[in-house]
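Work through the exercises below with the sequence and the 3D structure open. Try each task before reading its solution.

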Amino acid sequence: MKQSLFLLLSLLLFSNLFCRDIKTTLDTTLTDTSKIFIGDRVFFDVTIEHSLKESVNFLTKVKSVNFEILSYNKSIIERDSVCISDFKFNSVFFDTGKQTIPGLEFQIVEYNNISSVFSDSLIINVKSTITDDSVELKDIKPPVSLHLKFLDLFLPIAVIIAIVIVIFLINRTKSKKPIFTPKRKKVIPAHIIALKKLNRLKAKELLLKGKIKKYYVEISWICREYLENRFEFKILEFTTTEIRRCLKKCSIPQSTEFCNILVKCDKVKYAKFIPPLSDAEKIIDDLIYLIDKTKVIEKNENTVS
């Protein structure tokens with residue numbers, strides 16, 4: 001009997017040595033308990049007294065649809081031979097009426113030993129932001145359909161187009177550009193023009209018809225026109241001497257050969273020289289040869305018909 005009493009007293013003494021003091025209190029400096037409304041922040045503290053060898057951790061799992069812990073911080077105070085862990089919580093309720101701050105779980109860790117303790121729960125009276133109970137909450141109105149008329153659509157579009165046009169005109173005026181860019185004229189290469197005209201001249205058969213002078217006049221014109229278009233000289237009205245001087249000054253290739261053709265034409269045109277038929281036929285081939293040697297080679301050049 002004496003042994004049993006001794007064991008019982010020993011157990012009671014042992015249990016008191018590991019008893020921990022846990023307190024849960026509202027932080028009234030930050031929380032006005034007389035008017036806590038739904039959505040207001042509720043601040044409360046949990047203090048746990050434990051031995052110096054122990055550490056306390058908060059387990060953040062709180063299962064409640066009406067209550068949520070937004071944040072917390074922890075501080076530790078050592079006093080005599082004990083230690084006090086102070087947890088300060090920032091929380092919120094999502095429902096009205098009497099609500100409960102549930103008991104929170106904390107882990108006590110001492111070396112490899114881990115145990116859990118729970119804080120006390122607190123009852124909070126949460127008020128609604130609607131003070132008058134007679135006020136009836138109404139449903140949200142359904143979407144309202146718009147009945148737009150023609151002018152309601154046309155007028156804004158017309159204004160936007162007018163603004164864009166005005167901005168465009170101002171920019172073109174400031175940059176001194178024409179309002180509408182003229183369509184670029186397609187430039188036919190000089191050799192295409194000349195070869196076409198020479199082919200037409202052949203088709204006229206002026207030599208067979210005895211129109212030798214006209215034949216040479218047209219060759220002279222085609223040659224001058226080609227030189228003017230190809231090298232961008234205004235030489236159509238020049239004499240052959242002036243053309244020779246101009247071509248030589250500008251180092252135009254095959255200038256001597258071009259001038260020889262013009263001289264032969266001048267002899268027929270002005271000196272009434274009648275060349276042999278073979279020379280007359282050959283001069284057109286010589287001009288085609290010179291054009292081919294001096295033409296500008298372009299990509300995708302069309303075939304001369």
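The exercises that follow concern a predicted model.

**Exercise 1. The chain as a whole**

Task: State how many helices and strands the protein chain has, and what share of its residues counts as buried.

Solution. Step 1: the secondary structure comes to seven helices and ten strands. Step 2: the protein chain has 305 residues, and 28% of them count as buried. Step 3: among contacts with a separation of 6 or more, 63% are between residues 24 or more positions apart.

**Exercise 2. Helices α6 and α7**

Task: Decide whether α6 and α7 are roughly parallel or antiparallel, and list the residues that make the contact.

Solution. Step 1: find helix α6 at residues 255-271 and helix α7 at residues 277-294. Step 2: their axes lie 10 Å apart, at an angle of about 155°. Step 3: angles over 145 degrees count as roughly antiparallel, and α6 and α7 are therefore roughly antiparallel to each other. Step 4: the crossing of α6 past α7 is left-handed. Step 5: α6 contributes Glu-257, Phe-258, Ile-261, Lys-264 and Cys-265 to the contact, while α7 contributes Ile-283, Asp-286, Leu-287, Leu-290, Ile-291 and Thr-294. Step 6: sorted by type, the residues of this contact are seven nonpolar, one polar and three charged.

**Exercise 3. Helices α5 and α6**

Task: Describe how α5 and α6 are arranged, and name the residues that meet.

Solution. Step 1: helix α5 covers residues 240-249. Step 2: the axes of α5 and α6 come within 10 Å and cross at roughly 180°. Step 3: that angle makes α5 roughly antiparallel to α6. Step 4: on the α5 side, the residues are Thr-240, Ile-243, Arg-244 and Leu-247; on the α6 side, they are Ser-255, Cys-259, Leu-262, Val-263 and Asp-266. Step 5: this contact divides into five nonpolar, two polar and two charged residues.

**Exercise 4. Aromatic rings**

Task: Classify the ring pair of Tyr-215 and Tyr-216, and say whether Tyr-215 is buried or exposed.

Solution. Step 1: a pair of aromatic rings is described by the distance of the centres and the angle of the planes. Step 2: the ring centres of Tyr-215 and Tyr-216 are 5.6 Å apart, with the planes at 80°. Step 3: planes over 60 degrees apart count as edge-to-face, so the pair of Tyr-215 and Tyr-216 is edge-to-face. Step 4: buried means under 20% relative accessible area. Tyr-215 has 5% and is buried; Tyr-216 has 3% and also counts as buried. Step 5: the structure holds 14 aromatic pairs. Ring pairs also link Phe-44, Phe-58, Tyr-72, Phe-87, Phe-89 and Phe-106 into a cluster.

Key. Residues numbered from 1 in each chain as written. Predicted model: local features only at pLDDT ≥ 70, side-chain atom pairs only at ≥ 80, totals over all residues. Heavy atoms only, no water. Axes fitted to C-alpha atoms, helices over the stretch in contact; angles between N-to-C directions. Helix = DSSP H or I, 4+ residues; strand = E, 2+ residues; numbered from the N terminus. Parallel < 35°, antiparallel > 145°, perpendicular 65-115°, else oblique. Left-handed = near helix turned anticlockwise from the far one by under 90°. Contact = heavy atoms within 4.5 Å. Nonpolar A, V, L, I, M, F, W, Y, C, P; charged D, E, K, R; others polar. Phe/Tyr/Trp six-rings, centres within 6.5 Å; stacked < 30°, edge-to-face > 60°. Buried < 20%, exposed > 50% of the residue type's maximum accessible area, 1.4 Å probe, protein only.
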